[in-house]
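Open the model in your viewer and switch to a cartoon view. We will go from strands to helix to core, one selection at a time.

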Amino acid sequence: MTMVDGPRQLCIRVEGELRQALDAELNGLIVTRLPSGTELRGQLPDATRQWSVLHRLQRAGLVLRSVERVEVPEDTSSAGECPRQDRK
């Protein structure tokens, strides 16, 4: 996995559910509960923040399933959609 410094729209999937306290720490990310785990998506400002989020998820004991860059159309300010391969 390569992280480039600078803002990135990301989709992060983990097994399990986030505790409320952890959910609050990850403010700015959209958290969606899925049958197979939890999906977090949104913009992270730089590589330091990206790695910080991944490290925090690991410390919480969550298993990382995927990290994907999400393309956001230039004509919208949305957080972008995560690829639908895992949604059921």
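Start at the hairpin: two residues carry the chain from β2 to β3. Bear in mind that this is a predicted model. Select β2, residues 30-34; five bridges join this strand to β3, and the two run antiparallel.

Four strands form an open sheet in the order β2-β3-β1-β4, with antiparallel pairing. The edges are β2 and β4, each of which pairs on one side only. Look along the sheet for its twist, which averages 20° from one strand to the next.

Pick C11 and look across to β3: R41 stands opposite. Next, bring in α2, which packs on the sheet and touches β1, β3 and β4. The direction of α2 makes about 10° with that of β1.

Stop briefly at β4 and select S66. Is S66 buried or exposed? S66 counts as buried because its relative accessible area is 16%, under the 20% cut-off. Leaving aside neighbours within four places in sequence, S66 is in contact with C11, I12 and R13.

Now select α2, residues 47-59. The helix has 13 residues and spans 18 Å from first C-alpha to last, close to the 18 Å expected at 1.5 Å a residue.

Show side chains along the helix. Buried here are A47, Q50, V53, L54, R56 and L57. An α-helix has 3.6 residues a turn, so residues three or four places apart point the same way. What covers the buried residues of α2? The cover includes β1 (8-15), α1 (20-25), β3 (37-44) and β4 (63-69).

Finish in the core. The largest nonpolar core has 13 residues. Those with the most contacts inside it are I12, L18, L26, L40, V53 and L57. β1, β3 and α2 each supply at least two residues of this core. Center the view on L57. Not counting residues up to four places away in sequence, L57 touches I12, V14, L18, L22, L26, L40 and L62.

Conventions: Residues are numbered from 1 along each chain as its sequence is written. This is a predicted model: local features need pLDDT of at least 70, side-chain atom pairs count only at pLDDT 80 or more; totals for chains, interfaces and linings use all residues. Side-chain values use heavy atoms; hydrogens and water are left out. The expected span of a helix is 1.5 Å times one less than its number of residues. Buried means under 20% relative accessible area, exposed over 50%, partly exposed in between (1.4 Å probe, protein chains only). Contact means heavy atoms within 4.5 Å. A nonpolar core is a set of buried Ala, Val, Leu, Ile, Met, Phe, Trp, Tyr and Cys residues joined through side-chain atoms within 4.5 Å. Two strands pair if DSSP finds at least two bridges between them. Axes are lines fitted to C-alpha atoms, for helices over the stretch in contact, and angles run from 0 to 180 degrees between N-to-C directions.
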